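Let's walk through this structure together, one piece at a time.

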Amino acid sequence: MPDIKFRVKRQDPGDKKNPEAHWEEYIVHYEGDNLTVLEGLFYIQEKYDGGLSFRYCCRASICGSCGMYINGAYRLACQTNVKHLDTDLITVAPMPHLPLVKDLVVDMDEFFAKYEYIMPWLIRHSSDPEKELIQSPKERKKIDMPVDCILCGCCYSSCPSAWGEDNYLGPAALLKAHRFEVDSRDEGGKERIARWNNERGVYRCHTIMNCVEACPKELNPTEGIQWLKRAAVRRKLLGKAK
Amino acid sequence: MRAEVISTHRGGVWSWLFQRITAVLLIVCLAIHLIFTHILNIGELDSANVAARLANAGLTAVDIILLAAGIYHALNGLRMVLMDYWFTSRTRALTLTIVLWVVGLAFMGYGTWALWPWIS
């Protein structure tokens, strides 16, 4: 039965006696070779400290709840097998540059407010067809990349433009704007464009590409944002975006 | 949420587009400028030599485009950097833009004035 050491960053800002951040170490025992970081955290919670706080839900890397900073990189705790980290020490910290709630839980309110601001839903003006909205495989292919976003917040936490500017929409919200802008069924371009085509929207992106590196789903928000910039020019000069 | 703040920061598309256009102009005009000044026209950097080169209207035009593109590209880049930091509110950003336009136009005026004897 192998052992592995977990170093977890703990902090409870509400604890008056000890509000400072500190690292705690735990030995996690496991069998086989399929321990994920999330399972390691469950083990710590059960055996050592029931007060350890972290978010999780689906355990299949599709809900985006367990985005964390694991061994120096943004990862989803549920899809990170400790074996693949190839080390005896697993360090787990909350996603940096976001307000901390407790331990590994960060405040995502601002993130989701910005996401909602971009109107992340299908907007239709023409009457809907009787059966379904037909989309060709070629049209569907255009949304293949952005539609996979699970809103874990890793890109947003990693973006230097978002660190320095509270009002910057951030990569996730802008990738979602791109997702609807390229969708052949969507007709909300005119409503949405004022929200992303401004100095606190796409033009705060300086193509640093941390988001591309951080994304656990291997998406490319920078590409989406650059696409939006070109779309804005097309709208201004030609009057059409698609 | 700061929806109101974001919606007051309109624009940005033209400065983004012109940053790219001026970048292309800089590559082309700078290449022409360097080739004609330092490779094809090797000689003393004196008034007579410069006057002979600038007698060519095409080269003077290239120099003026180079001047305009260089000033725009540099100041717009500076504006982008500064807007990441202190110039975040609409009033500050607008003030910065106006100041940079004044500075840019002053540089442009001074540069054109220096080239004027050969243009006229």
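This is a predicted model: local features need pLDDT of at least 70, side-chain atom pairs count only at pLDDT 80 or more; totals for chains, interfaces and linings use all residues.

Chain A contains 10 helices and 7 strands, and its C-alpha atoms fill a box of roughly 65 × 40 × 30 Å along the principal axes. If you look at contacts in chain A between residues at least 6 apart in sequence, 65% of them join residues at least 24 apart.

Now turn to the sheet. Five strands of chain A form an open sheet in the order β2-β1-β5-β3-β4, and the pairing is mixed. β2 and β4 of chain A are the edge strands, each with a single partner strand, so one side of each has no neighbour in the sheet. On average, neighbouring strands of this sheet are turned by 35 degrees against each other, direction ignored.

What does mixed pairing look like here? As background, strands of a sheet pair through backbone hydrogen bonds, either parallel or antiparallel. Strand β1 (residues 3-10) of chain A pairs with strand β2 (residues 22-29) of chain A in the antiparallel sense, over 8 bridges. To find this pair on screen, look for A:Arg10, whose bridge partner in β2(A) is A:His22. β1(A) also runs parallel to strand β5 (residues 89-93) of chain A, and 4 bridges join the two. Here A:Lys5 stands opposite A:Leu89 in β5(A). Strand β3 (residues 67-70) of chain A is antiparallel to β4(A), with 4 bridges between them, and A:Ile70 stands opposite A:Ala73 in β4(A).

Across this sheet you will find a helix. Helix α1 (residues 37-47) of chain A lies across β1, β2, β3 and β5 of chain A, and runs at about 95 degrees to β2(A).

A:Ile27 is located in strand β2 of chain A. Is A:Ile27 buried or exposed? A:Ile27 has 12 C-beta neighbours inside 10 Å, and a residue with 12 or fewer is exposed, so A:Ile27 counts as exposed. Leaving out residues up to four places away in sequence, A:Ile27 touches A:Asp3 and A:Lys5. The C-alpha atom of A:Ile27 is separated by 5.7 Å from that of A:Ile4, although the two residues are 23 residues apart along the chain.

Stepping back, chain A is divided into domain 1 (3-106) and domain 2 (109-238). Their C-alpha centres lie 30 Å apart. Where the domains meet, 13 residues of domain 1 of chain A are in contact with 10 residues of domain 2 of chain A. On the domain 1 side that touches domain 2, strand β4 (residues 73-76) of chain A gives the most, with 3 residues. The residues of that side divide into 7 nonpolar, 5 polar and 1 charged.

A:Met119 lies in the loop between α3 (109-117) and α4 (137-142) of chain A, and its phi is near 60 degrees, a positive value in a residue other than glycine. A:Met119 counts as partly exposed, with 16 C-beta neighbours inside 10 Å. A:Met209 is found in the loop between α8 (189-196) and α9 (210-214) of chain A. A:Met209 is not a glycine, yet its phi is positive, at about 70 degrees. With 16 other C-beta atoms within 10 Å, A:Met209 is partly exposed.

Chain B comes next. Chain B has 5 helices and 0 strands, and its pattern along the sequence reads α-α-α-α-α. Of its 120 residues, 11% count as buried. Among contacts in chain B between residues at least 6 apart in sequence, 73% join residues at least 24 apart.

How do helices of the two chains pack? Two packed helices are described by the angle between their axes and the distance between the axes. Helix α10 (residues 221-238) of chain A packs against helix α2 (residues 13-39) of chain B at an angle of about 105 degrees, and their axes are 10 Å apart. α10(A) and α2(B) are therefore roughly perpendicular to each other. On the chain A side, A:Lys229, A:Ala232, A:Val233 and A:Lys236 in α10(A) meet B:Val13, B:Trp16 and B:Leu17 in α2(B). By class, this contact of α10(A) with α2(B) has 5 nonpolar, no polar and 2 charged residues.

Notes
Residues are numbered from 1 along each chain as its sequence is written. Chains are lettered from A and ligands numbered from 1 in the order in which they are written. A residue is buried if 20 or more other C-beta atoms lie within 10 Å of its own, exposed if 12 or fewer, and partly exposed in between; C-beta atoms are placed from the backbone. Two residues are in contact if their C-beta atoms, placed from the backbone, lie within 7 Å. Two strands pair if DSSP finds at least two bridges between them. Domain bounds come from an automatic or database domain assignment. Ala, Val, Leu, Ile, Met, Phe, Trp, Tyr, Cys and Pro count as nonpolar, Asp, Glu, Lys and Arg as charged, and the others, Gly among them, as polar. Axes are lines fitted to C-alpha atoms, for helices over the stretch in contact, and angles run from 0 to 180 degrees between N-to-C directions. Angles under 35 degrees count as roughly parallel, over 145 as roughly antiparallel, 65 to 115 as roughly perpendicular and the rest as oblique.
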